[in-house]
Amino acid sequence: MTEQFADEAHAMQRACELAAKGVGAVEPNPPVGAVVVDDNLRSIGEGFHESFGTAHAEVNALRQAGENAHGATLFVTLEPCCHTGKTPPCTWAVIDAGIKKVVIGMRDPSPHADGRGIAELQQAGIEVEVGVLAAEAARLAAPFVKRVSRSLPYVHAKWAMTLDGKIATRTGDSQWISNEASRRKVHELRGRMDAIVVGRGTAIADDPLLTARPPGPRTPVRIVFDSRAELPATSQLVRTAADVPLLVVAHQSATAGNIAKLTSAGAEVLTFDTAGDAAETASHPDPRALLEELGRREMTNVLLEGGGQLLGTFFDQQLIDECHIFVAPKLVGGADAIGPLSGRGVEQMAAAVGLIDAQIELVDGDIYIDGPLSTTNGG
């Protein structure tokens, strides 16, 4: 059934919904959605970038519109590309289709674009409007923008906690805080990531596989911060290292013998120095150095799953971009029970970091809160 849009914002909203379908399948490209409409804002074609190396959103939407695209308006979440990569420039397809106007959510800040696509369309006599639902479009493109502008992956922090803010009891028991429906959402999230990161404490206490079940569009590299490279050979992570990528992040002081044991099991071991000279970080590998390495590997989305000390370290260094928090209607109490963000934290409530336009969803009784952080040095 042909969709009738009330205004330009509604048409762009549909393009954003389409773009979201490609998250996890298109990286390191950005997720993009497109809608072609006639003069009455009736949809005559739509599409999204479905997977890396395949046709872009604009091309898919124009194909669906066919000859009706001539004289129509194209809504697209991100500036159309004007360079040749895995596919020809989208600007060529837009011009050849006879589109009279292009409405763009946001300009593409990457070096090979940065307004060149817009200029090419305008030079062809096409009217261009930029900034409709800009915030929504920017949120979709945020991981891509961070990678191309800062050469760093976008860091998602995830944790489940009780109503009184605990991620484990005073004995360290944490299975399970969230319900089954919430855990399914976590597996969906994992399946869209390039990497999943935990600390050694979480790897030992939970003995996780850190895989997406069922598998998603991506197979994330499993990363463990383990300063001394002492992750046991009996752990599920090490035992499956030959089948699913495992990267151990150790300090430069880790012994060659420990590193050799892990590499012989199929793991990759990277060693980094300490960040700064603060006493609390002594012999702990620098997390920013890891992110820089993941950026060099063109990783776009990284999921930080804990525990509290590692989450706190990333928070203190302002390396977290977005939070995914599952709050279960449970209380455990205990002054020694663990919270999600250890480390120093902020000193004044006025310095507390908020979430921007947080999305809140009820998941079978749990509360799921998702939103980018208001302040980060990461991107």
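The model is predicted, so local features are described only at pLDDT of at least 70 and side-chain atom pairs count only at pLDDT 80 or more, while totals for chains, interfaces and linings use all residues. Residues are numbered from 1 along each chain as its sequence is written, and side-chain values use heavy atoms, with hydrogens and water left out.

Let's start with salt bridges. The term stands for a side-chain nitrogen of Lys or Arg within 4 Å of a carboxyl oxygen of Asp or Glu. A search of the whole structure turns up 21 of them.

One of these joins the side chains of D39 and K100, with 2.8 Å from N to O. D39 sits in the loop between β1 (33-37) and β2 (43-48), and K100 in the loop between α3 (90-97) and β4 (101-106), so this pair ties together parts that are 61 residues apart in sequence. Helices (H or I, at least four residues) and strands (E, at least two) are DSSP runs, numbered from the N terminus. How open is each partner? D39 is exposed at 61%, whereas K100 is partly exposed at 40%.

Now meet K146 and D321, whose side chains form a salt bridge of 2.6 Å, N to O. K146 belongs to helix α5 (residues 134-150) and D321 to the loop between α11 (308-316) and β12 (322-328), so the pair links parts that are 175 residues apart in sequence. Are they buried or exposed? K146 is buried, at 4% relative accessibility, and D321 is buried with a value of 4%.

R184 and E180 make a salt bridge as well, at 3.7 Å from N to O. These two residues are four apart in helix α6 (residues 180-190), or about one helical turn. Elsewhere, E8, K101, E127 and E129 are linked in a network of salt bridges.

Finally, let's follow the backbone. Most residues other than glycine have a negative phi, and most peptide bonds are trans. The bond from E27 to P28, however, is cis, with omega near 15°, and P28 lies in the loop between α1 (8-20) and β1. Another cis bond runs from Q175 to W176, with omega near 0°. L41, in the loop between β1 and β2, has a positive phi near 60°.

Note on methods
Buried < 20%, exposed > 50% of the residue type's maximum accessible area, 1.4 Å probe, protein only.
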